[in-house]
Amino acid sequence: IANITIIKYRCYNIHLMKEEQRLWQFRVQVATLLRESVFVVGNCTELGNWSSCGAVELSSESEPDGETVWSAVVALPSKCEVQFRYFIGISLEPDDDKITTKQIVVRRWETNLTPRLISKHAVTMNSEPDMFGQYDSNNMVDRGWLTTETVVQIKLFGDDAIQLWKRKLQGRKIYVKLTPLVLSRKKTLDFIPVENLLEESMDTQDVTERSDVWPLAEVTVMNEEDSQLQLQEQFGRPFNPEECMIFNISMHSPESVAYMIDYYVYSSRMAEGDPPNHAGFSYVLPGMFNASEGQAVVPITSSAHRPIGQLRLDYLVVKPIVGYDCDMSVSYSRIWKKTWHGLDVGHRGLGTSFRMEIAECAEVRENTIASLKNAASAGADLVEFDVQLTKDLVPVLYHDFHVCIAMKRKKQLAEHDMLELPVKDLTLEQLQLLKVYHLAEGKVKKERFFDEELEEHQPFPTLQQALECLDPHVGFNVEIKWTMQLKDGSYELNHPFDLNMYLDTVLKVVLQHSGTRKIVFSCFHPDICTMLRLKQNKYPVMFLTQGVTVKYPDYRDPRTQTIPMAVYFARSAEILGINVHTEDILRDPRQVQMVMDAGLIMFCWGDDNNSPATIKHLKQLGIHGIIYDKIDVYSSKEVKESIFLAEAREMQHMLKGAEEVKSPPMSPIANTNGFEIEDAENARKAMNLSWPPNELPTIAGGDVKAIPSSESNSESSNDRPNFTLKHW
């Protein structure tokens, strides 16, 4: 009797569970490549709770107009709203070797600020398929980030990248193609006979014809036509030493993947449509990549196994962030409101404080909590500061790679010598307890500040402290400090940290303590910008570039040397924009429009900005953010507050008005996405307003994001938010 009772009770519970669920058919139309599938992810357990690994894989139906319709029926909760997004991915099953559990690689995903929505009252399943990335009059699709896979980039640039010694090949245009090779479980190549390797190298099969491509190799070239990542062509891409060619290989277990590089040359006597001649090949073994970044030299061999040249390459290994999982609920990586232009950004807080001319220095020590707070009080929309790691792996705010520590001479006790040490060689406790001087103080042996008793004026505040101490309405421009190689081959600093570990440490602090703050990452090193983009999917990244300059030495990487090259790189990496040196803008202001035409956000930096007239001129050019010193002196703001604080106050008024309209009073509208951009839309929904058909945002070019704006430029602005369009 007891057993029968238990069975009846379980059946009753199952019946109740079925009554609380509804069947919903997800259907979406989208073109896919190779082994790609389509998935749906959402805010309920049945859809993975925004985790890509818990997403539901759809099945293909048909192919109207060359695009496949994908669908699946899922039992969803019936008494709550369901938010969801579609994404394109690659599902990898366990192989009893390197992949032990099922893996899902996110290739492209819908990044509209607001997810798709199924209301709690909806019961009818979709009949017409959704269009991938298109809903609410918006179209926003971005490349994925690293979940479990690793990305290896092989970069070729400069006259010494490909050197061919055969006279008949010198001066000829070389086409380059890379093919990843999965090694045996013993991590050796001995299971492939030499003659088979040669045959594989000579194979000219188009990779797009293969259905089982993983690892996946793509290529981008820093020029106007080829700056987007694409699958390789049958005979590769032509190499131009003045450009930068980047092979992007996605994989698991990079220690088991080698790379075959083929070189092709077209004969001047060949007829149209004839294939090129195979000039030679190189092999790059995984053991050559013994760090997160570096350089390698390998021979170029002819089909007769004779050396005919050498290949010099730079490599980058990007691994997923350790100890933090990004979800798919929201992404701000390429979200920018139209009202966010001409922003005032405080350089190192209130400004540089260690120039030779004291009159040009800020009155508060740079990169301190006090400096950041003073800049915020002076009306800074964002504060820019530099972040690097201490010896014990704590992210701190400091600009220079070195500091000076005072030492007393044995015989001349009245004088002090300064010992110059790298910040990376000192722990946080040592930096905060020792008497540390800035390099500028060390050179003149004269102390600039006497603020040892003031806690917020102390150098080396931690990144976590800055995130927790400052008003959350003040945006942060977090510049990652890392050594760069100069054009003469020297380095700014010999850095001992592994780059993946370095960035993971910084990113985890930001992701765990950022709250609702607006945050933008930036760095002069293009590879770090790539890694910041691939390791997380939440915050935008901007590439800092010197451009054409007479004030600083050139870096070796061509992506850093001109604004057009920076634009090509930003487009290839799919980051928010670039942060350019004002010297180059003043030299040729037409470059501003070129950046805007590329759909990028543009900041500027440099000593030239420390002038009210220059700041005004740069804002008139349409630059989105100007970074400058002494913001308390040079800012022209009448109301000294951040634009984000003003917009938040406006949104609060709208939400309050929405609550007053409803009767009985509404419950507060939850803001789960943090950036507050969508608060205007929440207020509109709460007030049950509708858009007149002739005022709906329109799509231009199919790549536009409609974002609420705080501007009031229409007669109806008093009762609903105005929307502006941002082209990406």
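## Strand S19 and its partners

In strand S19, phenylalanine 247 is the bridge partner of isoleucine 154. The model is predicted: local features need pLDDT of at least 70, side-chain atom pairs count only at pLDDT 80 or more, and totals for chains, interfaces and linings use all residues. Residues are numbered from 1 along each chain as its sequence is written, and side-chain values use heavy atoms, with hydrogens and water left out.

Strand S13 (residues 150-157) pairs with S19 in the antiparallel sense over eight bridges; two strands pair if DSSP finds at least two bridges between them. Strand S16 (residues 216-221) also runs antiparallel to S19, joined by six bridges. Asparagine 248 in S19 is the bridge partner of glutamate 218. Strands (E, at least two residues) and helices (H or I, at least four) are DSSP runs, numbered from the N terminus.

## Burial of S19

S19 is largely enclosed by the rest of the structure, because eight of its eight residues are buried. Buried means under 20% relative accessible area (1.4 Å probe, protein chains only). In a regular strand the side chains alternate between the two faces of the sheet. One side of S19 carries Cys244, Ile246, Asn248 and Ser250, the other Met245, Phe247, Ile249 and Met251, and all are buried.

## Largest cavity

Five cavities of 30 Å³ or more are found in the whole structure. The largest holds about 110 Å³. Its lining has 13 residues, and those closest to the centre are Arg143, Gln153, Thr530, Ser572 and Ala573. A cavity is a set of points on a 1 Å grid over the protein atoms alone where a 1.4 Å probe fits but cannot get out, and lining residues have an atom within 4 Å of a point. Grid points are joined across faces, edges and corners, and a volume is the space filled by probe spheres set on the points.

Strand S19 (244-251), helix H8 (526-535) and helix H9 (563-573) each supply at least two lining residues. The lining divides into five nonpolar, five polar and three charged residues. Ala, Val, Leu, Ile, Met, Phe, Trp, Tyr, Cys and Pro count as nonpolar, Asp, Glu, Lys and Arg as charged, and the others, Gly among them, as polar.

## Helix H3

Buried residues in helix H3 (residues 369-377) are Ile369, Ala370, Ser371, Leu372, Ala375 and Ala376. Their cover includes strands S25 (382-389) and S26 (395-397) and helices H6 (463-469) and H13 (631-634).

## Whole protein

The protein has 15 helices and 37 strands. Of its 728 residues, 55% count as buried.

How values were computed. 1 Å grid on protein atoms, 1.4 Å probe; cavity = no way out; pocket = protein on both sides within 12 Å on 5 of 7 lines; lining within 4 Å. Buried < 20%, exposed > 50% of the residue type's maximum accessible area, 1.4 Å probe, protein only. Contact = heavy atoms within 4.5 Å.
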